[in-house]
Amino acid sequence: MCGIVGYVGSKPGMDVVLEGLRRLEYRGYDSAGVAVLSDAGELQVERRAGKLANLEKVVVGTPLPGTLAIGHTRWATHGAPTDRNAHPHVDCAGRVAVVHNGTIENFEELVAGLEQRGHERRSETDTEVVAHLLEERYDGDLAEAVRSVCRDLEGSFVLVVAHADRPDVVVGARRNLPLVIGLGEGENFLGSDVTAFIGHTREARIVDQDQVVELRRDGVTVTTLDGTVVDGASFHVDWDTDAAEKGGHEFFMLKEIQEQPAAIRETLGGRLQEDGLLHLDELSMSDEDIRGIEQVVIIACGSSYHSGLVGKYAIERWCRLPVQVEMASEFRYRDPVVGRNTLVIAVSQSGETADTLEAVRHARSQKAWVLAVTNTVGSTISRESDAAFYTRGGPEVAVASTKAVITQIVAMYVVGLYLAQVRGTRDADEVRAHLADLREIPDLVQEVLDRMDGVRELARDLVNEPRVLFLGRHVGYPMALEGALKLKELAYISAEGFPAGEIKHGPIALIEKGTPVVVLAARHALSAKLVNNVQEVRARGARTIVIATDGDDSVTPYADEIIRIPDTKSLLTPLLTIVPMQVLSAEVARAKGLDVDQPRNLAKSVTVE
Ligand code: F6R
């Protein structure tokens with residue numbers, strides 16, 4: 001949450017930072033601000049509540065001069081989303097500017113001390129204390145002043161700082177939250193992720209826990225909080241600006257939905273051996289350790305949790321292992337029973353979600369083996385886990401997750417089949433056959449995408465609905481949850497997903513004449529029972545919208561609307577049923593005139609607990 005950019009070079013700093021903020025806006029859009037430092041040492045700050053466009057209206061006509069700049073796009077925690085609370089924050093003299101992502105937990109104590117020492121507070125944020133502390137501690141060495149302040153901070157933070165006396169230096173620091181350095185020629189960058197500077201350089205280096213980086217035009221120096229210089233490897237970002245642009249689509253989400261066939265191919269690519277079996281070095285587990293696993297616990301939040309639920313069906317079926325799926329925010333507060341023979345799979349697109357990260361830390365403290373399934377190379381969760389499986393979905397900019405979720409589901413199948421292969425719970429021919437089915441999925445997803453005109457039309461018809469229900473059985477149940485989550489977060493329609501067999505125990509009371517009920521009736525073992533459930537809701541007046549497999553007419557008589565998907569194995573149907581629900585929710589939001597990429601109150605990378 002919150003996007004941060006820093007730049008020092010020879011280009012107009014404001015332009016570079018605004019471009020970075022545009023790409024990071026998915027991380028929060030309650031306010032935005034920049035601070036630009038001219039070569040003559042004049043520090044100018046502009047900030048505005050609301051989306052970045054509000055700030056751009058102010059600065060674009062009257063650019064702030066200077067080739068050193070820092071910027072911020074905010075998801076509010078401390079203090080309302082107002083101009084006054086927007087970052088950057090400055091000290092009393094207006095000579096230090098600070099942008100911050102995270103929460104400083106001991107800020108009240110720090111504020112009390114600062115007020116006693118005569119500092120004047122101008123915002124309700126926790127961030128402002130950092131500017132005042134730097135004012136006190138700066139004596140010519142900005143990196144040392146930042147190290148000194150960081151030693152006194154509790155909580156989580158990424159800080160990026162500029163000082164009017166130092167037109168040659170931007171300083172950044174991090175604890176628990178992500179900060180990446182972009183390495184250029186005669187210019188260097190800082191960003192919450194690589195998209196912040198991908199238009200300028202594809203060479204990057206991760207800033208590690210409790211490290212401080214001094215960014216100059218001719219290089220960077222990274223130190224620990226006690227000032228020890230640390231080396232670190234750089235890496236090459238293997239996608240370019242096109243991947244982070246809309247490519248002709250009105251919204252990123254619509255583009256990312258279309259990218260799913262390619263994303264799935266990337267997830268599968270290189271993981272299959274010539275003999276048709278799987279090779280997953282990335283698990284970093286010996287065959288003996290894999291055979292010793294006694295239970296699997298999957299931890300995740302939101303849509304990633306739904307991917308984990310699909311994983312439960314697959315892993316239990318193929319590996320005959322007990323699998324629990326836990327919401328990460330609850331996991332560690334429940335004293336969960338995990339230990340040496342537990343495989344914990346942490347699923348997170350961003351790899352930065354605070355709830356999931358804390359759950360990972362707890363699982364590791366209990367000696368469980370933690371595998372991160374994430375889209376983000378070098379993310380905190382991947383680095384703090386024992387091993388990482390990268391889903392390789394490419395950058396996902398829209399706040400609502402689509403291609404990241406579908407690739408997570410593929411990852412669940414791949415990991416499940418690998419465990420089954422090594423444990424011998426499925427023979428080699430069966431594993432090969434499942435993998436062959438998976439390899440067909442990208443083409444089938446494309447077929448679903450090519451059939452979406454009817455769904456777009458249906459979406460326009462749902463804009464005024466106050467409530468929509470989603471029903472599924474077996475692997476359709478997690479997808480019913482996912483369909484409901486997408487519709488509520490994008491279209492602000494009250495939506496709930498239920499196991500279809502459960503509705504008669506209460507939720508059926510919600511159904512009135514005309515209530516839309518989306519039923520995930522893709523072919524699977526329970527479809528006869530699902531047909532009964534469709535009849536039950538229809539008998540009570542529901543308008544049934546049924547997602548059904550080509551050629552399956554068992555449910556047709558009870559469907560007011562039918563969305564057809566191609567046939568695949570029942571366990572793999574989530575990879576197809578998810579697509580019409582993504583399109584439906586995006587199109588309802590679009591028809592309501594809402595911002596599909598940036599739904600209200602949300603941010604993509606949720607780095608607060
Ligand atoms: C919904 C959505 C969220 C995320 C959740 C976890 O469309 O995107 O529910 O799935 O915040 O995020 P990650 O996967 O980054 O841990």
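Where is Arg456 found? Hold that thought for a moment.

First, the ground rules. This is a predicted model, where local features need pLDDT of at least 70, side-chain atom pairs count only at pLDDT 80 or more, and totals for chains, interfaces and linings use all residues. Residues are numbered from 1 along each chain as its sequence is written, and side-chain values use heavy atoms, with hydrogens and water left out.

Back to the opening. Arg456 is found in helix α15, residues 453-461. A word on those labels: helices (H or I, at least four residues) and strands (E, at least two) are DSSP runs, numbered from the N terminus. Arg456 counts as partly exposed, at 22% relative accessibility. The scale is this: buried is under 20% relative accessible area, exposed is over 50%, and partly exposed is in between, with a 1.4 Å probe and protein chains only. What does Arg456 touch, not counting residues up to four places away in sequence? Gln258, Val583 and Glu587. Contact here means heavy atoms within 4.5 Å. The side chain of Arg456 also joins that of Asp453 in a polar contact of 3.0 Å. Such a contact is a pair of N or O atoms within 3.5 Å; within protein, one must be able to donate a hydrogen and the other to accept it, and residues adjacent in sequence count only if both atoms are side-chain atoms. Val397 is 59 residues from Arg456 along the chain, and their C-alpha atoms are separated by 22 Å.

Now the whole chain. It is divided into domain 1 (3-244), domain 2 (252-448) and domain 3 (453-591). Those bounds come from an automatic or database domain assignment. The C-alpha centres of domain 1 and domain 3 lie 45 Å apart.

Let's go to the sheet. Six strands form an open sheet in the order β5-β6-β7-β8-β12-β13, with antiparallel pairing. β5 and β13 (219-224) stand at the edges with a single partner strand each, so one side of each has no neighbour in the sheet. Two strands pair if DSSP finds at least two bridges between them.

Walk across it with me. β6 and β7 pair over nine bridges. Val96 has His163 in β7 as its bridge partner. Next, β7 pairs with β8 over four bridges. Here Val160 partners Gly172 in β8. A hairpin of six residues joins β7 to β8. Then five bridges join β8 to β12, residues 211-216. Arg174 stands opposite Gln211 in β12.

Stay on β8. Is this strand mostly covered or mostly open? Mostly covered: six of its six residues, 170-175, are buried. One side has Val170, Gly172 and Arg174, the other has Val171, Ala173 and Arg175, and all are buried.

Another set of strands is worth a look. β9 (residues 180-183) and β10 (residues 188-191) pair in the antiparallel sense over four bridges. Ile181 has Leu190 as its bridge partner in β10. Their hairpin has four residues between the strands, and Gly186 there takes a positive phi near 70°. β9 also pairs with β11 (residues 203-206), antiparallel, over three bridges. In that pairing, Gly182 partners Ala204.

On to helices. Why is α4, residues 128-137, largely enclosed by the rest of the structure? Because seven of its ten residues are buried. They are Glu128, Val129, Val130, Ala131, His132, Leu133 and Leu134. These buried residues pack against β5, β6 and β7, and against helices α3 and α5.

Helix α13, residues 403-423, holds Thr407. Thr407 is buried, with a relative accessible area of 0%. Leaving aside neighbours within four places in sequence, Thr407 is in contact with Ala263, Ile264, Thr267, Thr391 and Gly393.

Last stop, the ligand. Now the polar distances to ligand oxygen atoms. An N or O atom in the side chain of Ser350 is 2.6 Å from one. A backbone N or O atom of Ser401 lies 3.0 Å from one. For a polar backbone atom of Val399, the distance is 3.4 Å. On its own the ligand has 410 Å² of accessible area, and the protein covers 89% of that. Those areas come from the Shrake-Rupley method with a 1.4 Å probe; for residues, only the protein chains shown count as cover.
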